[in-house]
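Please keep the sequence and the structure at hand while reading.

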Amino acid sequence: PARPPVTVIGLGAMGTAMAEALLAAGHPVTVWNRTASRAEPLVARGATLAASPAEAVAASPLTVLSLLDYGAMHDILGPVDRSHLQGRVLANLSSDTPERLREAARWASGRGAELITGGIMVPPPAVGKPGAYTFYSGPRAALEEHRETLAVLSALDHRGEDPGLAMVWYQAMLLVFTSLLTGYAHVAALLGTAGVKAGEARPYVADLLNAVAADGPLGILRELTREFDENAYSDALSGLGMMAAGTEHVRDAYREAGLDDGLPAANARLYAAALAAGPAGDGRHPVLEAIRNPAP
Ligand code: NDP
(Lines give C-alpha, C1' and ligand atoms only; values in the text may rest on other atoms or scores of the structure.)
Protein backbone atom coordinates (compact mmCIF):
# COMPACT_ATOMS: atom_id res chain seq x y z
CA PRO A 1 0.00 0.00 0.00
CA ALA A 2 1.12 3.59 -0.67
CA ARG A 3 2.85 5.32 2.22
CA PRO A 4 0.93 8.35 3.57
CA PRO A 5 2.22 11.86 2.85
CA VAL A 6 4.13 13.59 5.64
CA THR A 7 5.39 17.15 6.12
CA VAL A 8 8.66 18.09 7.79
CA ILE A 9 9.10 21.65 9.09
CA GLY A 10 12.61 22.61 10.17
CA LEU A 11 15.51 21.43 8.06
CA GLY A 12 18.42 21.71 10.43
CA ALA A 13 20.66 18.70 10.96
CA MET A 14 17.87 16.68 12.59
CA GLY A 15 14.97 17.69 10.36
CA THR A 16 17.03 17.00 7.25
CA ALA A 17 17.92 13.52 8.54
CA MET A 18 14.22 12.90 9.29
CA ALA A 19 13.07 14.04 5.85
CA GLU A 20 15.77 11.85 4.24
CA ALA A 21 14.63 8.80 6.22
CA LEU A 22 10.99 9.41 5.29
CA LEU A 23 11.86 9.81 1.59
CA ALA A 24 13.96 6.64 1.71
CA ALA A 25 10.99 4.78 3.22
CA GLY A 26 8.82 5.85 0.29
CA HIS A 27 6.70 8.58 1.87
CA PRO A 28 5.69 11.59 -0.21
CA VAL A 29 7.45 14.34 1.77
CA THR A 30 6.61 18.06 1.84
CA VAL A 31 9.18 20.31 3.51
CA TRP A 32 9.40 23.88 4.72
CA ASN A 33 12.26 25.78 6.35
CA ARG A 34 12.75 29.45 7.28
CA THR A 35 15.91 29.44 5.20
CA ALA A 36 14.48 27.94 2.03
CA SER A 37 17.86 27.06 0.47
CA ARG A 38 18.33 24.30 3.05
CA ALA A 39 15.54 22.38 1.30
CA GLU A 40 17.45 22.09 -2.01
CA PRO A 41 19.19 18.71 -1.42
CA LEU A 42 15.87 17.21 -0.27
CA VAL A 43 13.99 18.58 -3.26
CA ALA A 44 16.68 17.01 -5.47
CA ARG A 45 15.78 13.68 -3.82
CA GLY A 46 12.06 14.06 -4.44
CA ALA A 47 10.69 16.22 -1.63
CA THR A 48 8.23 19.02 -2.38
CA LEU A 49 9.07 22.48 -1.04
CA ALA A 50 5.94 24.19 0.26
CA ALA A 51 5.58 27.88 -0.54
CA SER A 52 4.43 28.73 3.00
CA PRO A 53 3.96 27.13 6.42
CA ALA A 54 0.20 27.06 5.76
CA GLU A 55 0.71 25.11 2.55
CA ALA A 56 3.15 22.80 4.36
CA VAL A 57 0.73 21.75 7.12
CA ALA A 58 -2.16 21.50 4.68
CA ALA A 59 -0.19 19.04 2.53
CA SER A 60 -0.20 16.11 4.99
CA PRO A 61 -2.26 14.75 7.88
CA LEU A 62 0.97 14.60 9.92
CA THR A 63 3.59 17.36 10.23
CA VAL A 64 6.87 16.58 11.97
CA LEU A 65 8.64 19.63 13.40
CA SER A 66 12.33 19.76 14.27
CA LEU A 67 13.28 23.27 15.35
CA LEU A 68 15.56 25.05 17.78
CA ASP A 69 12.75 25.38 20.33
CA TYR A 70 8.97 25.71 20.68
CA GLY A 71 9.20 29.47 20.16
CA ALA A 72 10.26 28.69 16.59
CA MET A 73 7.08 26.63 16.10
CA HIS A 74 4.98 29.55 17.34
CA ASP A 75 6.89 31.92 15.01
CA ILE A 76 6.20 29.62 12.06
CA LEU A 77 2.67 28.34 12.77
CA GLY A 78 1.32 31.23 14.86
CA PRO A 79 0.22 33.22 11.80
CA VAL A 80 -1.24 30.16 10.01
CA ASP A 81 -4.99 30.29 9.65
CA ARG A 82 -7.03 27.86 11.74
CA SER A 83 -8.54 26.31 8.61
CA HIS A 84 -5.11 24.91 7.64
CA LEU A 85 -4.43 23.46 11.10
CA GLN A 86 -7.88 22.02 11.78
CA GLY A 87 -7.74 18.23 12.11
CA ARG A 88 -3.97 18.05 11.62
CA VAL A 89 -1.55 16.19 13.84
CA LEU A 90 1.70 17.96 14.70
CA ALA A 91 4.59 15.90 16.06
CA ASN A 92 7.12 18.31 17.52
CA LEU A 93 10.49 16.67 18.20
CA SER A 94 12.21 19.90 19.29
CA SER A 95 13.69 20.56 22.69
CA ASP A 96 12.18 22.93 25.26
CA THR A 97 10.84 22.91 28.82
CA PRO A 98 7.95 20.62 29.86
CA GLU A 99 5.80 23.67 30.68
CA ARG A 100 6.33 25.14 27.19
CA LEU A 101 5.27 21.80 25.70
CA ARG A 102 2.07 21.82 27.75
CA GLU A 103 1.37 25.39 26.67
CA ALA A 104 1.98 24.42 23.03
CA ALA A 105 -0.47 21.51 23.35
CA ARG A 106 -3.14 23.95 24.56
CA TRP A 107 -2.30 26.29 21.69
CA ALA A 108 -2.68 23.44 19.17
CA SER A 109 -6.02 22.37 20.68
CA GLY A 110 -7.22 25.94 20.34
CA ARG A 111 -6.51 25.66 16.61
CA GLY A 112 -8.29 22.34 16.21
CA ALA A 113 -4.99 20.46 15.86
CA GLU A 114 -3.42 17.77 18.03
CA LEU A 115 0.13 18.03 19.29
CA ILE A 116 2.31 15.00 19.91
CA THR A 117 5.50 15.94 21.74
CA GLY A 118 8.73 14.03 21.41
CA GLY A 119 12.31 13.98 22.62
CA ILE A 120 14.47 12.08 20.17
CA MET A 121 17.40 10.38 21.84
CA VAL A 122 19.96 10.16 19.02
CA PRO A 123 22.08 12.51 16.89
CA PRO A 124 21.27 13.11 13.18
CA PRO A 125 23.29 10.20 11.66
CA ALA A 126 21.38 7.70 13.85
CA VAL A 127 17.90 8.90 12.84
CA GLY A 128 16.00 5.98 11.30
CA LYS A 129 18.66 3.47 12.38
CA PRO A 130 18.28 0.57 14.81
CA GLY A 131 18.72 1.72 18.41
CA ALA A 132 17.18 5.14 17.79
CA TYR A 133 14.23 5.89 20.06
CA THR A 134 12.03 8.82 21.00
CA PHE A 135 10.20 9.59 24.22
CA TYR A 136 6.71 10.63 23.12
CA SER A 137 3.86 12.14 25.09
CA GLY A 138 0.47 13.60 24.34
CA PRO A 139 -2.59 12.00 22.72
CA ARG A 140 -1.94 8.27 22.34
CA ALA A 141 -4.67 7.82 19.73
CA ALA A 142 -3.00 10.38 17.42
CA LEU A 143 0.33 8.67 17.94
CA GLU A 144 -1.15 5.26 17.11
CA GLU A 145 -2.74 6.70 13.98
CA HIS A 146 0.72 7.76 12.74
CA ARG A 147 2.78 5.03 14.36
CA GLU A 148 4.03 3.52 11.10
CA THR A 149 5.21 6.86 9.74
CA LEU A 150 6.90 7.92 12.99
CA ALA A 151 8.51 4.49 13.31
CA VAL A 152 10.57 5.38 10.22
CA LEU A 153 12.41 7.92 12.40
CA SER A 154 12.96 5.83 15.50
CA ALA A 155 11.38 3.37 17.90
CA LEU A 156 8.47 4.92 19.82
CA ASP A 157 8.25 5.07 23.60
CA HIS A 158 5.00 6.74 24.63
CA ARG A 159 5.30 7.87 28.27
CA GLY A 160 1.78 9.20 28.80
CA GLU A 161 -0.84 11.77 27.84
CA ASP A 162 0.69 14.73 29.71
CA PRO A 163 2.41 16.59 26.85
CA GLY A 164 5.26 17.65 29.15
CA LEU A 165 6.39 14.08 29.77
CA ALA A 166 8.44 13.77 26.58
CA MET A 167 10.77 16.52 27.80
CA VAL A 168 10.79 15.42 31.44
CA TRP A 169 12.18 12.09 30.23
CA TYR A 170 14.41 13.57 27.54
CA GLN A 171 15.98 16.09 29.90
CA ALA A 172 16.45 13.60 32.71
CA MET A 173 18.38 11.33 30.34
CA LEU A 174 20.26 14.28 28.86
CA LEU A 175 21.35 15.35 32.34
CA VAL A 176 22.80 11.90 33.03
CA PHE A 177 24.51 11.94 29.66
CA THR A 178 25.96 15.45 29.90
CA SER A 179 27.04 14.87 33.51
CA LEU A 180 28.97 11.83 32.34
CA LEU A 181 30.55 13.75 29.47
CA THR A 182 31.54 16.73 31.59
CA GLY A 183 32.55 14.44 34.45
CA TYR A 184 34.94 12.64 32.16
CA ALA A 185 36.29 15.94 30.80
CA HIS A 186 37.00 16.92 34.42
CA VAL A 187 38.78 13.58 34.94
CA ALA A 188 40.99 14.27 31.92
CA ALA A 189 41.72 17.82 33.11
CA LEU A 190 42.64 16.91 36.70
CA LEU A 191 44.76 13.89 35.75
CA GLY A 192 46.33 16.04 33.04
CA THR A 193 47.73 18.38 35.71
CA ALA A 194 49.74 15.35 36.92
CA GLY A 195 50.84 14.41 33.40
CA VAL A 196 48.38 11.48 33.17
CA LYS A 197 46.54 10.97 29.88
CA ALA A 198 42.82 10.10 29.65
CA GLY A 199 43.75 6.78 28.01
CA GLU A 200 45.21 5.61 31.28
CA ALA A 201 42.03 6.55 33.19
CA ARG A 202 39.58 5.07 30.70
CA PRO A 203 39.53 1.47 32.01
CA TYR A 204 39.00 2.73 35.55
CA VAL A 205 36.13 4.96 34.44
CA ALA A 206 34.60 2.11 32.40
CA ASP A 207 34.83 -0.25 35.41
CA LEU A 208 33.17 2.34 37.60
CA LEU A 209 30.30 2.86 35.12
CA ASN A 210 29.77 -0.90 34.92
CA ALA A 211 29.80 -1.23 38.70
CA VAL A 212 27.27 1.59 39.02
CA ALA A 213 24.92 -0.05 36.50
CA ALA A 214 25.44 -3.64 37.67
CA ASP A 215 22.31 -5.52 38.74
CA GLY A 216 23.82 -7.31 41.72
CA PRO A 217 23.20 -6.41 45.36
CA LEU A 218 26.21 -4.06 45.26
CA GLY A 219 24.99 -2.18 42.17
CA ILE A 220 24.83 1.48 43.16
CA LEU A 221 22.02 2.36 40.76
CA ARG A 222 19.92 -0.53 42.07
CA GLU A 223 20.53 0.44 45.69
CA LEU A 224 19.88 4.15 45.10
CA THR A 225 16.65 3.31 43.28
CA ARG A 226 15.48 1.38 46.33
CA GLU A 227 16.43 4.28 48.62
CA PHE A 228 14.64 6.84 46.41
CA ASP A 229 11.47 4.87 45.73
CA GLU A 230 11.04 3.17 49.11
CA ASN A 231 12.32 5.94 51.39
CA ALA A 232 14.96 3.48 52.52
CA TYR A 233 17.94 5.78 53.10
CA SER A 234 20.45 4.74 55.68
CA ASP A 235 23.83 6.36 56.24
CA ALA A 236 25.37 3.13 57.49
CA LEU A 237 27.83 2.84 54.59
CA SER A 238 28.63 6.40 53.59
CA GLY A 239 27.84 9.06 56.14
CA LEU A 240 26.76 12.50 54.96
CA GLY A 241 29.62 14.13 56.87
CA MET A 242 32.15 11.99 55.04
CA MET A 243 30.51 12.64 51.64
CA ALA A 244 30.31 16.40 52.30
CA ALA A 245 33.99 16.50 53.25
CA GLY A 246 34.98 14.27 50.32
CA THR A 247 33.15 16.34 47.72
CA GLU A 248 34.67 19.49 49.26
CA HIS A 249 38.13 17.99 48.86
CA VAL A 250 37.40 17.25 45.21
CA ARG A 251 36.28 20.86 44.70
CA ASP A 252 39.41 22.16 46.47
CA ALA A 253 41.64 19.91 44.37
CA TYR A 254 40.22 21.52 41.21
CA ARG A 255 40.74 25.00 42.69
CA GLU A 256 44.28 24.11 43.77
CA ALA A 257 45.04 22.94 40.23
CA GLY A 258 43.65 26.19 38.77
CA LEU A 259 40.83 24.36 36.96
CA ASP A 260 37.18 25.32 36.57
CA ASP A 261 35.43 24.20 39.76
CA GLY A 262 31.80 24.63 38.66
CA LEU A 263 30.85 20.96 38.58
CA PRO A 264 32.83 19.85 41.67
CA ALA A 265 31.51 22.89 43.57
CA ALA A 266 27.92 21.97 42.63
CA ASN A 267 28.43 18.48 44.09
CA ALA A 268 30.03 19.87 47.26
CA ARG A 269 27.22 22.43 47.66
CA LEU A 270 24.56 19.73 47.39
CA TYR A 271 26.17 17.47 49.99
CA ALA A 272 26.73 20.46 52.29
CA ALA A 273 23.02 21.28 52.03
CA ALA A 274 22.10 17.63 52.67
CA LEU A 275 24.39 17.56 55.70
CA ALA A 276 23.01 20.84 57.05
CA ALA A 277 19.43 19.60 56.78
CA GLY A 278 20.41 16.18 58.14
CA PRO A 279 18.64 12.89 57.39
CA ALA A 280 14.90 13.39 57.69
CA GLY A 281 14.71 10.33 59.92
CA ASP A 282 11.94 8.82 57.83
CA GLY A 283 14.21 7.23 55.25
CA ARG A 284 13.97 10.01 52.69
CA HIS A 285 17.24 10.46 50.84
CA PRO A 286 18.92 13.70 52.05
CA VAL A 287 20.54 14.48 48.69
CA LEU A 288 17.26 13.97 46.84
CA GLU A 289 15.57 16.17 49.45
CA ALA A 290 18.25 18.86 48.99
CA ILE A 291 17.48 18.89 45.27
CA ARG A 292 13.75 19.00 45.95
CA ASN A 293 14.09 21.89 48.38
CA PRO A 294 16.64 24.27 46.90
CA ALA A 295 18.02 26.99 49.15
CA PRO A 296 16.20 30.26 48.44
P1 NDP B 1 19.77 23.12 13.92
O2 NDP B 1 20.36 24.28 14.61
O3 NDP B 1 20.59 22.37 12.91
O4 NDP B 1 18.40 23.54 13.21
C5 NDP B 1 17.53 24.45 13.82
C6 NDP B 1 16.29 24.61 12.97
O7 NDP B 1 15.39 25.51 13.62
C8 NDP B 1 16.55 25.21 11.60
O9 NDP B 1 15.65 24.64 10.66
C10 NDP B 1 16.23 26.70 11.82
O11 NDP B 1 15.87 27.36 10.64
C12 NDP B 1 15.05 26.56 12.73
N13 NDP B 1 14.75 27.77 13.50
C14 NDP B 1 15.41 28.24 14.59
N15 NDP B 1 14.81 29.35 15.07
C16 NDP B 1 13.76 29.59 14.25
C17 NDP B 1 12.74 30.59 14.23
N18 NDP B 1 12.67 31.56 15.16
N19 NDP B 1 11.83 30.54 13.24
C20 NDP B 1 11.87 29.56 12.31
N21 NDP B 1 12.79 28.58 12.28
C22 NDP B 1 13.72 28.60 13.24
O23 NDP B 1 19.29 22.12 15.09
P24 NDP B 1 19.14 20.52 15.04
O25 NDP B 1 18.51 20.11 13.77
O26 NDP B 1 20.42 19.90 15.44
O27 NDP B 1 18.13 20.29 16.24
C28 NDP B 1 16.74 20.51 16.12
C29 NDP B 1 16.05 20.07 17.39
O30 NDP B 1 16.35 18.71 17.64
C31 NDP B 1 16.53 20.86 18.63
O32 NDP B 1 15.44 21.13 19.45
C33 NDP B 1 17.49 19.88 19.29
O34 NDP B 1 17.55 20.08 20.69
C35 NDP B 1 16.87 18.54 18.94
N36 NDP B 1 17.82 17.43 18.95
C37 NDP B 1 19.02 17.55 18.32
C38 NDP B 1 19.93 16.51 18.34
C39 NDP B 1 21.26 16.64 17.64
O40 NDP B 1 22.14 15.83 17.93
N41 NDP B 1 21.44 17.58 16.72
C42 NDP B 1 19.64 15.26 19.06
C43 NDP B 1 18.34 15.22 19.64
C44 NDP B 1 17.48 16.28 19.60
P45 NDP B 1 16.98 28.07 9.69
O46 NDP B 1 17.58 26.97 8.85
O47 NDP B 1 16.23 29.06 8.92
O48 NDP B 1 18.00 28.69 10.63
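This is a predicted model: local features need pLDDT of at least 70, side-chain atom pairs count only at pLDDT 80 or more; totals for chains, interfaces and linings use all residues.

## The annotated domain

The range itself comes from UniProt, where an unreviewed entry lists residues 6-153 as "domain: 6-phosphogluconate dehydrogenase NADP-binding".

## The sheet and its helices

Eight strands form an open sheet with mixed pairing, and their order is E3-E2-E1-E4-E5-E6-E7-E8. Strand E3 (48-49) and strand E8 (155-158) are the edges of this sheet, each pairing on one side only. Strands of a sheet are paired through hydrogen bonds of the backbone, in either a parallel or an antiparallel manner.

Within this order, strand E4 (residues 62-65) and strand E5 (residues 89-92) run parallel and are joined by four bridges; threonine 63, for instance, has leucine 90 in E5 as its bridge partner. Helix H1 packs on the sheet, where H1 touches strand E1 (6-9), strand E2 (29-32) and E4, and the direction of H1 makes about 165° with that of E1. Helix H6 (residues 98-110) also packs on the sheet, touching E5 and strand E6 (114-120), with a direction that makes about 150° with that of E6.

## The ligand shell

The ligand is surrounded by 21 residues, of which Gly12, Met14, Arg34, Thr35 and Ser95 are the closest. Two elements, helix H1 (13-24) and helix H4 (70-77), each give two or more residues to this shell.

Sorted by class, the shell around the ligand consists of ten nonpolar, eight polar and three charged residues.

## Two individual positions

Glycine 78 is placed in the loop between H4 and helix H5 (82-85). Glycine 78 counts as exposed because 11 other C-beta atoms lie within 10 Å, and the limit for that class is 12 or fewer. From glycine 78 to glycine 258 there are 180 residues in sequence, and their C-alpha atoms are 49 Å apart in space.

Arginine 255 belongs to helix H12 (residues 240-256). With 13 other C-beta atoms within 10 Å, arginine 255 is partly exposed, a class that lies between the exposed limit of 12 or fewer and the buried limit of 20 or more. Arginine 255 and serine 179 are separated by 76 residues in sequence and, C-alpha to C-alpha, by 19 Å in space.

Methods
Residues are numbered from 1 along each chain as its sequence is written. UniProt positions are given in the numbering used here, feature names are shortened, and annotations may be inferred rather than shown by experiment. A residue is near a molecule or strand if its C-beta atom, placed from the backbone, lies within 6 Å of it. Ala, Val, Leu, Ile, Met, Phe, Trp, Tyr, Cys and Pro count as nonpolar, Asp, Glu, Lys and Arg as charged, and the others, Gly among them, as polar. Two strands pair if DSSP finds at least two bridges between them. Two residues are in contact if their C-beta atoms, placed from the backbone, lie within 7 Å. Axes are lines fitted to C-alpha atoms, for helices over the stretch in contact, and angles run from 0 to 180 degrees between N-to-C directions.
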